[in-house]
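Below are some numbered notes on the model, for use alongside the coordinates. They go from the overall fold to the disulfides and then to a few local sites.

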Amino acid sequence: MRRLILFLVVGATAGCRAQQPVPAVQGDPALEVRPIALPGANGPLSLDYLACDRASGRLWIPAAGTGSVDVLETATGALKRIEGFATQEREIHGATRRMGPSSATLGAGFVYAGNRADSSVCAIDVATLQRGACVTLASSPDGLQYVAATKEVWATTPRAKSITVLDASDPAKLVAKAEVPLDGEPEGYAVDEAKGLFFTNLEDKDRTLVIDVKTRKVLSDWPAGCGAEGPRGIALERARGWAFVACTDAVEVLDLAHAGTRLSRLDTGAGVDNIDYLESRRLLYVAAGKAARLTVAQVGDDGSLRPVVSVPTSAGARTVVVDASGASYLVDPAQGRVLRVASPP
């Protein structure tokens, strides 16, 4: 998630007006890809994680250098903007980029937004859409995950090789609580609330970790099998005890009950980052930014992955979330927008 690429693009327009559709998969017009412009975007944005509230039908979009978190009502397409977040220009790999909100997680009546510009995590009231109190971390947050069992927010902090734990017992005001030191740089996140387990990868060590949310101890440390580039995102099939681990050009299914044994692997094209899973339909969504393609795969009873559709997207569209209907949303940092892909039949 930390490797952000600068592109030359046509500026995005304000509001939530649909632009000309990106070509969809040939022969299936139902899978049209429709761009959603973000307010204040006039060029590339360092977009990263999205958060989809499937119950309320809201998509939360940390809109990076615009200094806002945008909220999309997925049923109507209405877009609301929450402003006032810090931004900062930084030089990365010879290019100047404006950093800002880059991650979000759904809590109890609040959404929490992480910001790379000032290393903060801020609370947002979901009823009023008002930004509340913020807490500053010692290291810049990457991914965020709310843990309901302990009323905490876990923030991966790869530069510090740790996870920062924030107390959310008062949901309107986060407080720094603890730090979980790791042997490498955490990348990706998922939580199994019923079992009290937190999952992440170590990108630089090609490992997948399972951590007890109460003791904060690493219970399992398995090879991810992704090679030198390391693993990225992670998602869970909780009922069967499987973990989906994203490599940069593929996704793997690991059996949690058998020491992370690989059940299957599916090549998806290069440039994969964060992934998502719709357990109700047993569909796994994988966005490949370099290949400019979204792959949706059916998960079999044996853990096998069967591609259902492959949809052309845009270069750099490498993270994806899915709503309750099966429609998916991808960041398109090159053009400062989000792409909506219709639900597979």
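**Notes on the predicted model**

1. Contacts along the chain. In the protein chain, 45% of the contacts with a separation of 6 or more are between residues 24 or more positions apart. The model is predicted, and every value below is computed from it.

2. Secondary structure and overall dimensions. The protein chain has 30 strands and zero helices. Its radius of gyration is 18 Å, close to the 20 Å from the globule rule for 345 residues, so the chain is as compact as a globular protein of that length. The C-alpha trace spans about 50 × 45 × 40 Å along its principal axes. Of the 345 residues, 58% count as buried.

3. Disulfide count and pattern. How many disulfides does the sulfur distance rule give? The count comes to two. Counting bonded cysteines along the chain, the pattern is 1-2, 3-4. Cys-52 is buried, at a relative accessible area of 14%, which is under the 20% limit.

4. The disulfide of Cys-122 and Cys-134. The sulfur atoms of Cys-122 and Cys-134 are 2.0 Å apart, and the two residues form a disulfide. The torsion about their S-S bond is about 105°, so this disulfide is right-handed. The pair links distant parts of the chain, with Cys-122 in strand β10 (residues 120-125) and Cys-134 in strand β11 (residues 131-136), twelve residues apart. Are the two ends buried or partly exposed? Cys-122 counts as buried at 2% relative accessibility, whereas Cys-134 is partly exposed with a relative accessible area of 38%.

5. The disulfide of Cys-226 and Cys-247. Here too a disulfide is formed, with the sulfur atoms of Cys-226 and Cys-247 2.0 Å apart. The torsion about the S-S bond is -70°, and the link is left-handed. Cys-226 sits in the loop between β19 (218-223) and β20 (234-237), and Cys-247 in the loop between β21 (242-246) and β22 (250-255); the pair is 21 residues apart and links distant parts of the chain. Both Cys-226 and Cys-247 are buried.

6. The β20-β21 hairpin. Strands β20 and β21 pair in the antiparallel sense over four bridges. They form a hairpin with four residues between them, and Gly-241 in the turn has a positive phi of about 75°. Ala-235 stands opposite Phe-244 in β21. In a regular strand the side chains alternate between the two faces of the sheet. In β20, Ile-234 and Leu-236 point one way, while Ala-235 and Glu-237 point the other way. Are these four residues buried or exposed? All are buried, Glu-237 included.

7. The four-stranded sheet. An open sheet of four strands has the order β1-β30-β29-β28, and its pairing is antiparallel. Its edge strands are β1 and β28 (320-322), each of which pairs on one side only. The twist from one strand to the next averages 25°. Strands β1 and β30 pair in the antiparallel sense over five bridges, and the bridge partner of Ala-37 in β30 is Arg-337.

8. Arg-337. This residue is found in strand β30 (residues 337-341). Is Arg-337 buried or exposed? Its relative accessible area is 6%; buried means under 20%, so Arg-337 is buried. What does the side chain of Arg-337 contact? It makes a polar contact with the side chain of Asp-332, at 2.7 Å.

9. Leu-45. This residue lies in the loop between β1 (33-37) and β2 (51-53). Although in a loop, Leu-45 is buried, with a relative accessible area of 11%. Which residues does Leu-45 touch, not counting those up to four places away in sequence? They are Leu-38, Ala-63, Ala-64, Gly-65, Thr-66, Pro-333 and Gly-336. Elsewhere in the chain, Thr-208 is 163 residues from Leu-45 in sequence, and the C-alpha atoms of the two are separated by 29 Å.

Technical notes
Residues numbered from 1 in each chain as written. Predicted model: local features only at pLDDT ≥ 70, side-chain atom pairs only at ≥ 80, totals over all residues. Heavy atoms only, no water. Disulfide = S-S within 2.5 Å. Helix = DSSP H or I, 4+ residues; strand = E, 2+ residues; numbered from the N terminus. Buried < 20%, exposed > 50% of the residue type's maximum accessible area, 1.4 Å probe, protein only. Polar contact = N/O pair within 3.5 Å; in protein donor to acceptor, adjacent residues only side chain to side chain. Pairing = 2+ DSSP bridges. Contact = heavy atoms within 4.5 Å. Axes fitted to C-alpha atoms, helices over the stretch in contact; angles between N-to-C directions. Rg over C-alpha atoms; globule rule 2.2 N^0.38 Å.
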